[in-house]
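Here are my notes on this one, as numbered points. Have the model open while you read.

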Amino acid sequence: MSDAESPQRSTGNKIVRFAIVGLANTAIDLASFFLLLKLGVSPLPANIAAWLIAVTFSFVANGFWSFERNRAIRLRDAFLRFASLGGLISLGVSSLSIVLFAGIAGVWPAKIVGVVVAAVLNFLAARWSIEGRLLK
């Protein structure tokens, strides 16, 4: 069945798939972050590197499983949109959380707060990046 003939997934189905990818993405992010900390990388650079690893996985999984990719948007452009918004949302929120709360609550609680807050915003950003639409 070609892309034009395949039925579109419901928004609910996309949210469930996005959540599943998000859980896997979060596990990859946290595991990478943990490994980098164990290797002696300081928290902020470790956060950035872990995010880069996780965002690449997330784009591939969401682009080919969660959403129907708009073929009019070149793959490179879709990735740049996805990574840019992900950087602003996920990386920005999690890094800000580490900067603001690590000294108060510890690095891990600060990282987890950032991940949770960013997850809420990422669904719309991913949908726009991959499908070329925000609502509908």
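1. Let's start with Arg74, which is partly exposed because its relative accessible area is 49% (buried means under 20% relative accessible area, exposed over 50%, partly exposed in between, with a 1.4 Å probe and protein chains only). Arg74 forms a salt bridge with Asp77, and their closest N and O atoms sit 3.7 Å apart; a salt bridge here is a side-chain nitrogen of Lys or Arg within 4 Å of a carboxyl oxygen of Asp or Glu. Asp77 is partly exposed too, with a relative accessible area of 28%.

2. Before going further, a word on what this is: a predicted model, where local features need pLDDT of at least 70 and side-chain atom pairs count only at pLDDT 80 or more, while totals for chains, interfaces and linings use all residues. Residues are numbered from 1 along each chain as its sequence is written, and side-chain values use heavy atoms, with hydrogens and water left out.

3. How many salt bridges are there by this rule? The count comes to 5. One of them joins the side chains of Lys14 and Glu68 at 3.0 Å, N to O. Lys14 is in helix α1 and Glu68 in the loop between α2 and α3, so to speak distant parts of the chain, 54 residues apart (helices, H or I with at least four residues, are DSSP runs numbered from the N terminus). Both Lys14 and Glu68 are buried. Lys14, Glu68 and Glu131 are linked in a network of salt bridges.

4. Next, look at Asp29 and Lys111, whose side chains meet in a salt bridge of 3.1 Å, N to O. Asp29 lies in helix α1 and Lys111 in helix α4, so this pair ties together parts that are 82 residues apart in sequence. Are these two buried or exposed? Asp29 is buried, at 9% relative accessible area, and Lys111 is buried at 0%.

5. Now the largest pocket, which holds about 460 Å³ of space. It has 26 lining residues, and the closest to its centre are Asn25, Thr26, Ser90, Ala119 and Asn122. A pocket is an open set of points on a 1 Å grid over the protein atoms alone, where a 1.4 Å probe fits, with protein on both sides within 12 Å along at least five of seven lines; lining residues have an atom within 4 Å of a point. The volume is the space filled by probe spheres set on the points.

6. Who supplies the lining? α1 (11-38), α2 (43-66), α3 (75-105) and α4 (107-131) each give at least two residues, with the largest share, 8 residues, coming from α4.
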